[in-house]
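Colleague: Hi, I'm new to this one. Could you walk me through a few spots?
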Amino acid sequence: MHVIRTGLDLDENIQTFYAHSIDIVKKAEIPFLVGGAYAVERYTGLIRPTNDFDIFVLGEHVEPALAAFEKAGYRSELTFPHWLGKAHFGDKFVDVIYSSGNGVAPVDGIWFEKARTAIVFGREVGIVPPEESIWSKAFIMERERYDGADVAHLIEACGKDLDWHRLVRRFGTHWRVLFAHLILNGYIYPSRQDIVPAWVMRTMSDRLAADINDDPLPLELCRGPVLSRAQYLSDVEAGAMIDARMLPFGRMTAEEIEHWTDAIEQEK
């Protein structure tokens, strides 16, 4: 069993809080997975400093999980109802996640079916599968945070064993985002380009060729906010272009987008 070392440089009280968090959710019999830097270490062996602890649950289990933290004495909140809640311990917290900030990567049963295991803070837990880790991380391209290196390391470490068919399906209409990461992967690791199956690159190349030959979309759609909630606001403010996160193009409502956008200033 792989023992995760990420997080062991944290203050002992924080480690205890994270370990207790695992116990709380287990006692409540809520299925969950550990992700973030802990998942990256599980698959790549790379250890990096982190103050975050991410627990992934199904959407139907977010509020029961937060209630379990409240019962255990921790303040909790459904911080962003479209994807994330938090359980607080002083100025630290556990993120209870059921989707992604852009609404693209909701947690579903497949996450649990394909999960791996590891020991985290002395507890055996399920770990977010590498395919779903890549899927959710691939869209994080903010000025202050870019998860492309995590994606590259996951592909380099797990590429031979990835379920590439599932990974391609996960991206769906966002396939260009996956293709961009795969192109960069060949640039980053030129001697290991065979890690990505040739059929995947051919499929992506064929889609790109077909896409280039198609007529442009008649709608003024901007997918920039799917990658960064802050850097493309000028494109979608005052209705200049259509925000691709919003229904029916994405999974978010106008109210959810406004709430998520307002948090940019609050988090500075």
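This is a predicted model: local features need pLDDT of at least 70, side-chain atom pairs count only at pLDDT 80 or more; totals for chains, interfaces and linings use all residues.

Colleague: Where is His82?
Modeller: His82 is in the loop between β3 (75–80) and β4 (84–89); strands are DSSP runs of E, at least two residues, numbered from the N terminus.

Colleague: And is His82 buried or exposed?
Modeller: His82 counts as buried because its relative accessibility is 8%, and buried means under 20% relative accessible area (1.4 Å probe, protein chains only).

Colleague: Which residues does His82 touch?
Modeller: Leaving aside residues up to four places away in sequence, His82 touches Tyr98, Ser99, Ser100, Gly101, Met252, Glu256 and Trp260. Contact means heavy atoms within 4.5 Å.

Colleague: New topic: where is Leu184?
Modeller: Leu184 is in helix α8 (residues 175–188); helices are DSSP runs of H or I, at least four residues.

Colleague: How exposed is Leu184?
Modeller: Leu184 is partly exposed, as its relative accessible area is 39%; partly exposed lies between under 20% (buried) and over 50% (exposed).

Colleague: Which residues make the nonpolar surface patch?
Modeller: Tyr146, Leu184, Tyr187 and Ile188 make a nonpolar surface patch of about 460 Å². Patch residues have over 30% relative accessible area and no salt bridge, with nonpolar side chains (Val, Leu, Ile, Met, Phe, Trp, Tyr) joined within 5 Å and like charges within 9 Å. A salt bridge puts a side-chain nitrogen of Lys or Arg within 4 Å of a carboxyl oxygen of Asp or Glu.

Terms used:
Residues are numbered from 1 along each chain as its sequence is written. Side-chain values use heavy atoms; hydrogens and water are left out. Accessible areas come from the Shrake-Rupley method with a 1.4 Å probe; for residues, only the protein chains shown count as cover.
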